[in-house]
Amino acid sequence: MIQGLKNGTYKKIVVLTGAGISVSAGIPDFRSPGSGIYANLQKYNLKRPEDLFTISYFLEKPEVFYEFAKEFDLDSFDATPTHFFIRLLQDKSLLSMNITQNIDNLEAKASIQDDFLCQAHGSLRNAFCAKCKKEMDFLTFKEHVKAGAIYRCNAAGCGGPVKPEIVFFGESLPKSFFKSMKAVEECDLMLVMGTALAVSPFNQLPFFTSQGVHQILINRENTNATSAHDFEKGNYRLFVPGNCDDTIRKIVSDCGWEEEFEKVLPEKHRGKAQKAGAGAAAAKED
Ligand code: CNA
């Protein structure tokens, strides 16, 4: 992979990302044992942690999501070195598309442009009525969350609870997700970072690359979600275990891109020697 990045073999890179790339910013993911959001929902007495983000449950008991949302002010978090690595790929005209499951908008804070970004599970930018889908005022939604009051739709006879434009279980993905399939089909390298690949249809994306396209999973844990299919297609799939910030610093160093990387990094992330995670060296194998 390093050789391919250095010598320009890869020019249409698709980067799939999940909650793991924002963990070092201080935003917990869903499924990490102990620290993940799913492991810390006891006070809500849910049958399944997924209920918190399920549309039928929200329509019935919106107060539970509102209470949860009150604890999170996602505006206060900064993009991580991994976000800036994706930005570097964009600046080097190597990025075809960053397709993310994240709803935290940290991509914008790393200046990843909308043309290169698909927020497959929506984002915290707009608000809609969960019942009739009328667009409602996002700032008013945020004020209601802060005040612990349910914001209700003002369309005649509706009164449905208003939710942010993030995709809940049971809702359709935005059209942009299906449009981004073209980038997946045409990509020459797929980097998958910080995701358990547990949510469908996002976790199906690696199935749609062309035959022989290298797929690299940079994650704390392996996921076998795509392996059988990849081997059938002859795709080369490499798993690099460890924290993605450590692994991308190793990749940057192996590519000799440190100077360019330092330029895109904000002050707080600059000047940090690359720390090779336990498996980061594996990124160099190919
Ligand atoms: P997940 O199921 O919680 O999986 C996260 C994965 O990242 C796990 O495999 C972890 O082992 C791994 N991981 C955690 N920290 C790191 C790290 N520092 N370096 C490398 N790997 C790490 O989350 P997914 O994204 O797979 O699931 C999709 C859900 C999560 C989407 O619907 C998101 O909207 C939702 N989510 C998003 C955010 C966010 O926007 N930041 C936060 C929490 C959940």
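Me: Where is Leu197?
Reply: Leu197 is in the loop between β7 (189-193) and β8 (214-219). Helices here are DSSP runs of H or I with at least four residues, strands are runs of E with at least two, and both are numbered from the N terminus. This is a predicted model, where local features need pLDDT of at least 70, side-chain atom pairs count only at pLDDT 80 or more, and totals for chains, interfaces and linings use all residues. Residues are numbered from 1 along each chain as its sequence is written, and side-chain values use heavy atoms, with hydrogens and water left out.

Me: Is Leu197 buried or exposed?
Reply: Leu197 is buried, at 5% relative accessible area. Buried means under 20%, exposed means over 50%, and partly exposed is in between, with a 1.4 Å probe and protein chains only.

Me: What about its phi?
Reply: Leu197 has a positive phi of about 50°, although it is not a glycine. Most residues other than glycine have a negative phi.

Me: Which other residue has a positive phi without being a glycine?
Reply: Ser93 does, with a phi of about 55°. Ser93 is in the loop between α4 and β2 (95-100). Ser93 is exposed, with a relative accessible area of 58%.

Me: And Leu94, buried or exposed?
Reply: Leu94 is buried, at 9% relative accessible area. Leu94 also lies in the loop between α4 and β2. The C-alpha atoms of Leu94 and Tyr10 are 6.9 Å apart, while 84 residues separate them along the chain.

Me: Back to the loop between β7 and β8. Where is the cis peptide bond?
Reply: The cis bond joins Ser200 and Pro201, with omega about 5°. Pro201 lies in the loop between β7 and β8. Most peptide bonds are trans.

Me: New topic: the ligand. How many residues surround it?
Reply: 28 residues surround the ligand. The closest are Phe30, Arg31, Asp104, Thr195 and Glu221.

Me: Which atoms of Phe30 and His121 lie by ligand oxygen atoms?
Reply: For Phe30, a polar backbone atom is 2.7 Å from an oxygen atom of the ligand. For His121, a polar side-chain atom lies 2.8 Å from a ligand oxygen. A polar contact is a pair of N or O atoms within 3.5 Å; within protein, one must be able to donate a hydrogen and the other to accept it, and residues adjacent in sequence count only if both atoms are side-chain atoms.

Me: Now the rings. How many aromatic pairs are there?
Reply: The whole structure has 15. Rings of Phe, Tyr and Trp (its six-membered ring) pair if their centres lie within 6.5 Å; planes under 30 degrees apart are stacked, over 60 edge-to-face, and the rest tilted. Phe53 and Phe65 form an edge-to-face pair, at 6.4 Å centre to centre and 75° between the planes.

Me: Why does that pair tie parts of the chain together?
Reply: Phe53 is in the loop between β1 (13-17) and α2 (55-60), and Phe65 is in helix α3 (residues 62-70), so the pair ties together parts twelve residues apart in sequence. Phe53 is buried at 9% relative accessibility, and Phe65 is buried at 6%.

Me: What about Tyr66 and Phe141?
Reply: Their ring centres are 5.6 Å apart with planes at 75°, so the pair is edge-to-face. Tyr66 is in helix α3 and Phe141 in helix α6 (residues 138-147), 75 residues apart. Both are buried.

Definitions and conventions
Near = heavy atom within 4 Å.
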